[in-house]
Amino acid sequence: MITLTINGLEVSVEKGTTLLEAAQFLGFPIPTLCHMEGLSPYGACRLCVVEIGEGPKARLVSSCTYPVEEGLKVRTASARVLNARKMVLELLLASCPQSKTIQDLASAHAIRQQRFRQEYEDCILCGRCVRMCAEQMMANAIGFRGRGAKRSLGTPFDAKSEVCRQCGGCIYVCPACELRCTYTEPEKAICGGCANLAPPCVQKDPFDDMMCYMNPCVACEISQES
Amino acid sequence: MSQSLQDTVQQICRDHQNDRGRLMDIVTGVQAKFGYVNQQAIDLIAKSVNAPRVDVESVVSFYAFFSPTPKGKVTIRLCNDIIDRMHGSARSAQAFFDDLGIGFGETTADGMISLESVPCIGLSDQAPAALINDVPVTCLTSDSAHDIVAELKTHMDPQKLVKSFGDGKNSDPLIRSMVRNNIRQPGPIIFSPCVRGEAIKKALSISPAEVIRAIKTARLRGRGGAGFPTGIKWEFCRAAEGDRKYVLCNADEGEPGTFKDRVLLTERADRVFAGMTIAGYALGAEEGILYLRGEYAYLRTYLEDVLTKRRGDGLLGKDILGKKGFNFDIRIQMGAGAYICGEETSLISSCEGLRGDPKNRPPFPAQKGYLGYPSVVNNVETFCCVTKILELGPASFNEHGSAGSSGTKLLSIAGDCTTPGVFEVDFGITLGEVLKLAGAENAIAVQVGGPSGQLVSPKDYGRKICFDDLATGGSIMTFGPGRDVLKIAQCFMEFFIEESCGYCTPCRVGNVLLKERLEQIAAGRGQPSDLDYLQDLGETIKTTSRCGLGQTSPNPILSTLKNFREVYEKLVRPCEDGLLPTFDIHAAIGQAKRITGRESVVFK
Ligand SMILES: Cc1cc2nc3c(=O)[nH]c(=O)nc-3n(C[C@H](O)[C@H](O)[C@H](O)COP(=O)(O)O)c2cc1C
Ligand code: SF4
Ligand code: FES
Ligand code: FES
């Protein structure tokens, strides 16, 4: 067992536990985005940062990847953490302003104004889909290409994958693209239909043909029967 | 499917035992053979090494030297670093554009020559420089660029462009390069003469724990930039549980303006390998890897030869120098154009045949590194120091340097100065003294530690070069009167944006926004509050990024904001009309005007 202090409270947890899990155990909320139970820790969105250490050595680390250490002092909601978290959220909001998940997080963190230029990308490269596909579905159909601002996500050569079983797991775990529905325009990733409150899947009635795993639709919450 | 492609690719895979972990070498081999790694090749590789196709594509698309589409037989890679720009690389570029009829990123219609613009290739002391396939060409002018194209068009053999060789080993039959060493000031430790095999012999005469103690007594700190105490790192690794241990030498030397490792690998390769061997003994490792940046491929054959000779002389291999049971060997792993692979966990990813994305820390490499085994990653110069410490004893090493930073340090100095090159100095020397050595006393600004370091102004020239004051992995870039500090910062931000791996949000998204705002300010469209914006965003990127690249990437802006604030202040102006200068109202209401078919009453 390893004993550490989170926000002044002492807690003993098993070796290998992450700071996130330890904090959740004590009931301290930490927002997460790229983290998902059942998938390997990833540490990309940086929303879950917490402050460790003291004095000039204090620093921010991603709680979803950082393992507990004996005697560590952790602050999950210091001014520094909250400021950093807020700005990371603003950056995420700037890249993906149409994501409901990010909007909700932003609103929960009292972000009322957008300082950054908006991008309208449909992916925040959180990698949940890639890990879902590889770790839970064992398909390895999608992955990352390129680097830096050009880093992107897709199937090899952007062609129809021969190993994809169309389980939909990737879309299911995606925090950014609940709006992604490729039925009407397969060549376009986002149809935007749900955003316009005209869900094409329900209106056009071919719910069954699509074998949509999302029933009810995670975007518009309308189910096939209704 | 082309049969020859299939046969060759499969052969290359077999040459590497169809080992997925050797993906870098396999892809490098295919790229070298065909000039590209296309879909078919990726498919074939994936099948041969039994990896998902997406993993292979992911690797190919990560590294700058791999290309999914055909490149010319010859690729000219012109360095776009700030130093090269200051020395007129634009004129050479123009000559290439004119003679080839193509721009950067393009290939001539006959498929013969490609032109690319790349970050620092480790030749800032001989700028402007370019790599023509593997062959470095230095001190380019408009005329020499014209000549190069004319010659290439006749023989297409880059090696034939080398008319005279540089000094020292650069003329070795296995290197044959025009690169000059420019060793301006050899010092008492790193460049001093050394008896081959002596250090290893001394190390083997004491116990591994005593070797580590010697390194600790010498108070050696890593020369790659971060300055972590080497002895402690080794101790962690030695104590870590693992059936095997690995010694990795970081010869990625990607920090713009650094070129001292290039010179060490050319002139002191034996000393580097001896240091790695000593580390192998101290840690109980049997295998070492030298991670050599793709830009230094021209040194590879030579280095392989040095390794072969060492094996022949009993300095590598089984029972080294007769010590029963001490086996150690070294292989060279080529990089392929990615600055991030100098970060130690990325370097490990790359050695494992993966994308160069850094890994989450902890666990640190000393606990869980290459292939999951405890590993030590050290800089080329660090290993040179190790050899010297074992040969001469820690005391003679400690004689040099300052309290927290013992020994000597190699500096790579380039830019506006009379004698650019490599200088071995004692730690604790002031920046002003350094500038005098290189003939750059009139510098108005000095970038210490490369883009990830800081740009300092003359008021800091009295500060000391050491880990506790002005730290540097070796890069010192000097800027003379008339240079524009915002241009410098802009150039460095471009570098980080290009070289970020794109994994985490702050570094991927934030740096682009930083650079945009900086450009707006430089163009006179900034207002005073933008300086706070830069500061806030920069600090958040620093504190929340996942690896060292992101954690230092805002430094060009943060250090100029601190040391050259007046430059910014002169450019920004409060908005008079109540509109943000960065906001273009006419563009914003353009569509509304078109739809309604009338002008705005307020914004004419
Ligand atoms: C983005 C980035 C690039 C780096 N590039 C290099 C490099 O080219 N060479 C190097 O020795 N260290 C480089 N480092 C530092 C290494 O991560 C590591 O600290 C170093 O190799 C450790 O060796 P040392 O203790 O001997 O300095 C880099 C770090 C970062 C974050
Ligand atoms: S800080 Fe930059 S280089 Fe490092 S992991 Fe994040 S995106 Fe990649
Ligand atoms: S949830 Fe921890 S970095 Fe994304
Ligand atoms: S990978 Fe998660 S949003 Fe795209």
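Which atom of Gly224(B) lies 2.6 Å from an oxygen atom of ligand 1? The answer is a backbone N or O atom. Welcome to this predicted model, in which local features need pLDDT of at least 70 and side-chain atom pairs count only at pLDDT 80 or more, while totals for chains, interfaces and linings use all residues. Residues are numbered from 1 along each chain as its sequence is written, chains are lettered from A and ligands numbered from 1 in the order in which they are written, and side-chain values use heavy atoms, with hydrogens and water left out.

**Around ligand 1**

Let us stay with the ligand for a moment. Ligand 1 is surrounded by 18 residues, and the closest are Gly224(B), Asn250(B), Asn378(B), Asn379(B) and Thr382(B); a residue belongs to this group if one of its heavy atoms lies within 4 Å of the molecule. The table lists polar contacts, meaning pairs of N or O atoms within 3.5 Å; within protein, one atom must be able to donate a hydrogen and the other to accept it, and residues adjacent in sequence count only if both atoms are side-chain atoms.

| Residue | Atom in the residue | Distance to an oxygen atom of ligand 1 |
|---|---|---|
| Gly224(B) | backbone N or O | 2.6 Å |
| Glu344(B) | backbone N or O | 3.0 Å |
| Asn378(B) | polar side-chain atom | 2.8 Å |

Taken alone, ligand 1 exposes 610 Å², and the protein buries 89% of that. Such accessible areas come from the Shrake-Rupley method with a 1.4 Å probe; for residues, only the protein chains shown count as cover.

**Inside chain B**

Chain B is divided into domain 1 (3–62), domain 2 (74–163), domain 3 (184–398), domain 4 (408–479) and domain 5 (485–571), with bounds from an automatic or database domain assignment. The centres of domain 4 and domain 5 of chain B, taken over C-alpha atoms, are 22 Å apart. Their contact (heavy atoms within 4.5 Å) takes 14 residues from domain 4 of chain B and 12 residues from domain 5 of chain B. About 1,000 Å² is buried between these two domains, with carbon and sulfur atoms giving 67%. Buried area here is the accessible area (1.4 Å probe) that two parts lose on being put together, summed over both. On the side of domain 4 of chain B, Pro451(B), Ser452(B) and Leu455(B) lose the most area to domain 5 of chain B, together 53% of what that side buries. Between domain 4 and domain 5 of chain B there are 4 residue pairs in polar contact (both at pLDDT 80 or more).

**Inside chain A**

Chain A has domain 1 (2–117 + 185–225) and domain 2 (128–173). Their contact draws 12 residues from domain 1 of chain A and 12 residues from domain 2 of chain A. The area buried between them is about 1,000 Å², of which carbon and sulfur atoms give 55%.

**Where the chains meet**

How many residues of chain B are in contact with chain A? There are 43, and they touch 41 residues of chain A. The two chains bury about 3,500 Å² between them, 56% of it on carbon and sulfur atoms. Across this interface there are 4 salt bridges, each being a side-chain nitrogen of Lys or Arg within 4 Å of a carboxyl oxygen of Asp or Glu.
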